Amino acid sequence: MEISQIALNQGLTFLVWTTGIVLLVVGGFLIKLLIDLSVLAKNLSETSTIVNTELKPTLNELNQTLSSINEIVKSTDKNVGDFKSAVSNFAEKTKIISGTLFGGLIKGFTTAYNIFKK
């Protein structure tokens with residue numbers, strides 16, 4: 001029985017030492033992971049601060065640019081509307097003039113036809 005108890009004690013001792021070494025290695029990796037995560041969080045904080053400070057002027061410039069474009073579009077829309085109404089007025093006047101000319105032309109031909117007919 002002593003041989004089996006010695007073998008059991010040696011096996012348990014090896015298991016304890018192996019478990020301790022594995023726990024130390026895993027603990028070391030966990031500590032390194034926590035340190036790396038801390039550095040990552042610090043870098044992310046700095047990056048977000050930099051992006052925030054750089055993004056505000058860019059967004060302000062973009063807002064001004066969009067406002068300028070909006071004003072140009074409104075002005076162009078107004079000018080297109082004015083041009084459209086001018087063309088419409090011109091077309092109406094041209095229609096009236098052409099109708100009058102065409103009517104006068106028909107009357108003239110009718111009168112000339114009636115004169116030559118007699």
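1. Basis. In this predicted model, local features need pLDDT of at least 70 and side-chain atom pairs count only at pLDDT 80 or more, whereas totals for chains, interfaces and linings use all residues. Residues are numbered from 1 along each chain as its sequence is written, and side-chain values use heavy atoms, with hydrogens and water left out.

2. Fold. The secondary structure amounts to 1 helix and 0 strands (DSSP runs numbered from the N terminus: H or I of at least four residues for helices, E of at least two for strands). Helix α1 covers residues 2-117 and includes V26.

3. Of the 118 residues, 0% are buried (buried is under 20% relative accessible area, exposed over 50%, partly exposed in between; 1.4 Å probe, protein chains only). The protein exposes about 11000 Å², 71% of it from carbon and sulfur atoms (Shrake-Rupley method, 1.4 Å probe; for residues, only the protein chains shown count as cover).

4. Salt bridge. The structure has 1 salt bridge (a Lys or Arg side-chain nitrogen within 4 Å of an Asp or Glu carboxyl oxygen). D36 pairs with K32, their closest N and O atoms lying 3.1 Å apart. The two are separated by about one helical turn because D36 and K32 are 4 residues apart in helix α1. Both ends are partly exposed: D36 at 39% relative accessible area, K32 at 47%.

5. Nonpolar patch. V22, V26, L30, L33, L34, L37, L40 and L44 form a nonpolar surface patch of about 740 Å² (residues with over 30% relative accessible area and no salt bridge; nonpolar side chains, Val, Leu, Ile, Met, Phe, Trp or Tyr, joined within 5 Å, like charges within 9 Å). V26 is partly exposed, at 41% relative accessibility.
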